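Keep the sequence and the structure in view while reading.

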Amino acid sequence: DLVGSRFVEQVSTVSGYRAMGTGASVPLGSTVLIAGPPASGKSFLIARSAHSLLPKLAELLPQITCSSWHQTHAGMLAQEAHGNNLLVHYDFLKQWKQQSRQQTRHWSYSDDRSLIAVQEGTLTAIVTIFVHQPTLISRTRRRIHRLVKQALLQPHRMKERLSEAAAMYDLLRLYTLSDSYTIYERWFDYCRRLEIPHYVIENDTLTERIHPLEPWKREHMIP
């Protein structure tokens, strides 16, 4: 039984990726996009995907049958082509952060080259990590404190760390002024037009269950 079998993660470096032998993956060259805002837990989820995410996806996607995954960031896909089965880390507020730094008014996912590169591949599914507003605020505050502490302890990297802290402070303002659903609204609307299987994981719950997007939205009364 694929779902009931034991998934064992084996991590090694392959061309800048972490390769994960899991006992399951989508067909060769396919891609699962792991999306969410900063501090939602994308890296954490991907790091332990062999023991949590992949078995859950196996219950929902019957084509999950192969034996090897690689993980990367969406930005790398715009630079070179890959034929691996990929878990792709995607910050869906990246465009907002760039717009905020450049003080421009408009931004669109359609303009994101890294996202276009993902779509041009074999995008099999999207998994969005949903985190409620208080948790996003708490995690972002902790990141800011950690970055400021690192700046003080590493004078040679102070400028870099303080710049990162300033960017996180901008996000903290966004998280404070917006409710959780507003933060995710534009991303959900964009993904709906892609007509690709889309699932949600509530990262700040104890169970971290995976839900198909539309039934989950109806349950939470999201338009």
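Strand β3 (residues 30-36) has seven of its seven residues buried, so the rest of the structure largely encloses it. Buried here means under 20% relative accessible area, with exposed over 50% and partly exposed in between (1.4 Å probe, protein chains only). Strands (E, at least two residues) and helices (H or I, at least four) are DSSP runs, numbered from the N terminus. This is a predicted model, in which local features need pLDDT of at least 70 and side-chain atom pairs count only at pLDDT 80 or more, while totals for chains, interfaces and linings use all residues. Residues are numbered from 1 along each chain as its sequence is written, and side-chain values use heavy atoms, leaving out hydrogens and water.

Ser-30, Val-32, Ile-34 and Gly-36 point one way from β3, Thr-31, Leu-33 and Ala-35 point the other way, and all are buried. Which strands pair with β3? One is strand β6 (residues 122-130), which runs parallel to β3 and is joined to it by six bridges; two strands pair if DSSP finds at least two bridges between them. Ala-35 has Thr-128 as its bridge partner in β6. Strand β5 (residues 86-91) also pairs with β3 in the parallel sense, over six bridges. Thr-31 has Leu-86 as its bridge partner in β5, and Gly-36 stands opposite Asp-91. Six of the six residues of β5 are buried, so this strand too is largely enclosed by the rest of the structure.

The largest nonpolar core has 55 residues, and Leu-33, Ile-34, Tyr-90, Phe-92 and Trp-187 have the most contacts inside it. Such a core is a set of buried Ala, Val, Leu, Ile, Met, Phe, Trp, Tyr and Cys residues joined through side-chain atoms within 4.5 Å. Beyond four places in sequence, Ile-34 is in contact (heavy atoms within 4.5 Å) with residues including Leu-87, Val-88, Tyr-90, Val-127 and Ile-129.

Arg-139 lies in helix α6 (residues 133-153). Among the residues it touches beyond four places in sequence are Ala-39, Ser-40, Gly-41 and Asp-204. The C-alpha atoms of Arg-139 and Gly-41 are separated by 9.6 Å, though the two are 98 residues apart along the chain.

The mean pLDDT, the predictor's confidence in each residue from 0 to 100, is 76 for the protein chain, and 72% of its residues reach 70 or more. Among the elements, α6 has the highest mean (94) and strand β1 (residues 11-14) the lowest (32). Over residues 1-28, pLDDT stays under 50.
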